[in-house]
Amino acid sequence: MVKISPSILTADFCEIGNTIRMLNHSGADWIHLDIMDNVFVPNMSFGQSTVRDIRKITKLPLDVHLMVYDPTPYVTRFAEAGADYLTVHVESPGCTHLQRVLRSIRDAGMKAGVSLNPATPHQALEYIYEDADLILIMSVNPGFGGQKFLPQSLRKIEVIANRAVQLGVAPEIQVDGGVNLENFRSIVAAGATVLVAGHAVVDATDPAGVIRMMRGEA
Ligand code: DX5
Ligand code: ZN
């Protein structure tokens with residue numbers, strides 16, 4: 001069954017404890033935490049101390065998505081903060097030695113994720129499949145919640161999911177950006193195993209209902 005990882009990026013941060021407690025009881029599989037440095041993406045969010053505080057009030061796996069210029073100094077910080085998955089971008093200047101970065105994430109006791117921006121070809125992953133526990137295909141240009149899903153992402157998901165099968169590896173195939181109740185079926189059909197959904201879940205009047213539908217339970 002597909003897993004749902006709600007993103008709290010568009011949530012009201014004065015209410016963040018209540019949002020996390022709501023997600024604890026919503027059927028969410030993971031919680032997606034977007035870290036932005038205002039350099040790699042044109043927006044700033046929160047850092048490891050917020051992740052550490054969230055860790056105290058949930059047992060759900062914390063799926064941390066790093067949109068920063070250089071992720072390398074953050075690997076141990078997010079491990080200490082309690083992240084379960086740590087995902088870096090192939091386009092980050094600090095990921096020139098991407099395989100080393102992914103190995104350092106595993107060495108720090110986390111699952112290693114690697115992400116592609118919409119314009120980055122799937123070939124960027126060719127020699128990194130074995131080092132990734134998760135592949136994150138961005139279906140919007142990262143930086144903001146509530147953007148529109150880019151339909152060309154579907155064929156990229158399909159190509160990457162098929163290539164993983166060919167290579168005999170089984171990373172999670174995660175899709176992030178503009179996922180909603182109208183398009184999630186085609187995203188799952190293309191090969192996604194984890195859906196990130198921010199606006200569609202966190203800003204809904206019935207988040208648990210949306211999650212049930214996305215998991216195919218309603
Ligand atoms: C975009 C972030 C996403 C975002 C998803 O830069 O990586 O995780 O919060 O939000 P929605 O589902 O609203 O597009
Ligand atoms: Zn994200």
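Reply: A polar contact here is a pair of N or O atoms within 3.5 Å; within protein, one must be able to donate a hydrogen and the other to accept it, and residues adjacent in sequence count only if both atoms are side-chain atoms. This is a predicted model, where local features need pLDDT of at least 70 and side-chain atom pairs need 80 or more, while totals for chains, interfaces and linings use all residues. Residues are numbered from 1 along each chain as its sequence is written, chains are lettered from A and ligands numbered from 1 in written order, and side-chain values use heavy atoms, without hydrogens or water.

Start with the contacts. A backbone N or O atom of Gly143 is 2.7 Å from an oxygen atom of ligand 1. The side chain of Ser7 places an N or O atom 2.9 Å from a ligand oxygen. For the His65 side chain, that distance is 3.3 Å. The protein covers 99% of the 380 Å² of accessible area that ligand 1 has on its own (Shrake-Rupley method, 1.4 Å probe).

Now the shell. It has 20 residues around ligand 1, and Asp34, Gly143, Gly146, Asp176 and Gly198 come nearest (near: a heavy atom within 4 Å). By class, eight are nonpolar, 10 polar and two charged; Gly counts as polar.

Next, the space. Ligand 1 takes up the largest pocket (more than half of its atoms lie within 2 Å of the grid points). A pocket is an open set of points on a 1 Å grid over the protein atoms alone, where a 1.4 Å probe fits, with protein on both sides within 12 Å along at least five of seven lines; lining residues have an atom within 4 Å of a point. Strands S2 (31–36), S3 (62–67) and S8 (194–197) each give two or more residues to the ligand shell (strands: DSSP E runs of at least two residues; helices: H or I runs of at least four). S2 gives the most, with three.

The largest pocket holds about 330 Å³ of space, the volume filled by probe spheres set on its points. Its lining has 27 residues, with Gly145, Gly146, Gly177, Gly178 and Gly198 closest to the centre. S2, S8 and helix H7 (199–202) each give two or more residues to that lining.
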